[in-house]
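Here is a short briefing to read alongside the structure. Have the 3D view open, and we will go from a pocket to a sheet and its hairpin.

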Amino acid sequence: GIEMTTPPDEAALINFQVGFAWENIIKDALEASGRTFRFQEPLSMPELNLSGTAEFVVDLGHDLWLIADTKTMRSQWFWYLANTNKDFLKNSPEYELQVGAYVLMARSMGLNVPRGQLAFISKDDGMIWREIGVPLTPELEKKIRDRCAYLNGFPDSGKLPPCECTGWKQGYCSFGDPTTMQKNKKGKLLNTSCCSEELWKKSTSN
C-alpha cells in the first residue's frame with residue numbers, strides 16, 4: 001500500500017511497451033502456426049502464497065505443455081555477455097527463478113510441464129539472440145520454495161525485507177530516495193539510494 005517514490009519515467013514505460021509488443025508478435029506467430037496455446041495465463045500455488053501470469057503456455061501434444069517467456073534487452077547487453085563469456089542465466093538468476101516458479105505452479109495445477117523456455121530478444125534490431133531451456137531441477141525447486149518461505153516470513157513480523165537492489169537495479173528501483181538521485185554517464189537521472197528503513201517509516205507515517 002506504499003506509493004512509489006520514484007515511479008518509472010516515460011523512457012521506462014516505453015521500454016515496457018516494447019516488451020508487450022513482442023508478446024503480441026509471438027502470439028500472432030503461434031496463432032498463424034495453428035498451435036494450441038494459452039496467453040497471459042494466471043497461475044497460483046496457495047501453499048507457497050505464490051501467484052503469477054505466464055506469457056505463454058504452449059501445447060506440445062501428448063498431454064505436454066511448455067511455459068514460454070520473453071525478455072527484451074538492449075543489444076549492448078548481448079555484446080557484454082559475448083565479450084565476457086558470462087552465462088545468460090547466471091547473470092540474471094531471477095529469470096530462472098521466475099520461469100521455474102511458473103513451471104512449479106503449472107504442475108501444481110495439474111498441467112504436465114516438463115520445462116520452461118526463455119527467449120532473449122534485442123530491442124534494437126528485433127533479433128532473437130538466444131533461447132534457453134529452464135528445467136525444474138530439484139535444486140531450482142528448492143531455491144523457489146526457500147525464497148517463498150523467506151519472503152512469507154516478513155508480513156507477519158512487521159519488518160522490512162533487506163534491500164536487494166544492487167548495481168543497475170538500485171537506479172531503477174520504484175522505491176528510491178528522490179533526494180539522492182544523480183545523473184549517470186548518459187545524463188539519465190537515477191537513484192543512488194533506495195528501499196531504506198527511513199523512507200519506509202516516513203511513507204507509512206503519512
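A pocket here is an open set of grid points where a 1.4 Å probe fits, with protein on both sides within 12 Å along at least five of seven lines. Please keep in mind that this is a predicted model.

**The second largest pocket**
- The space in the second largest pocket comes to about 290 Å³.
- Its lining is made up of 14 residues, and those closest to the centre are Ile 2, Leu 160, Phe 175, Cys 195 and Trp 200.
- By class, the lining of this pocket holds 10 nonpolar residues, three polar ones and one charged one.

- Five strands form an open sheet in the order 1-2-3-4-5, and the pairing is mixed.
- Strand 1 and strand 5 (128–135) sit at the edges, each pairing on one side only.
- Direction ignored, neighbouring strands of the sheet are turned by 35° against each other on average.
- Helix 4 (residues 93–108) packs on this sheet and touches strand 1, strand 2, strand 3, strand 4 (115–122) and strand 5.
- The direction of helix 4 makes about 155° with that of strand 3.

**Strand pairs and the hairpin**
- Strand 1 (residues 37–45) and strand 2 (residues 50–61) run antiparallel and are joined by eight bridges.
- Within this pair, Arg 38 stands opposite Val 57 of strand 2.
- Four residues lie between the two strands of this hairpin, where Asn 49 takes a positive phi near 55°.
- Strand 2 also pairs with strand 3 (residues 64–73), in the antiparallel sense and over five bridges.
- Asp 59 has Trp 65 in strand 3 as its bridge partner.

Terms used
Residues are numbered from 1 along each chain as its sequence is written. This is a predicted model: local features need pLDDT of at least 70, side-chain atom pairs count only at pLDDT 80 or more; totals for chains, interfaces and linings use all residues. Side-chain values use heavy atoms; hydrogens and water are left out. Two strands pair if DSSP finds at least two bridges between them. On a 1 Å grid over the protein atoms alone, a cavity is a set of points where a 1.4 Å probe fits but cannot get out, and a pocket is an open set with protein on both sides within 12 Å along at least five of seven lines; lining residues have an atom within 4 Å of a point. Grid points are joined across faces, edges and corners, and a volume is the space filled by probe spheres set on the points. Ala, Val, Leu, Ile, Met, Phe, Trp, Tyr, Cys and Pro count as nonpolar, Asp, Glu, Lys and Arg as charged, and the others, Gly among them, as polar. Axes are lines fitted to C-alpha atoms, for helices over the stretch in contact, and angles run from 0 to 180 degrees between N-to-C directions. Contact means heavy atoms within 4.5 Å.
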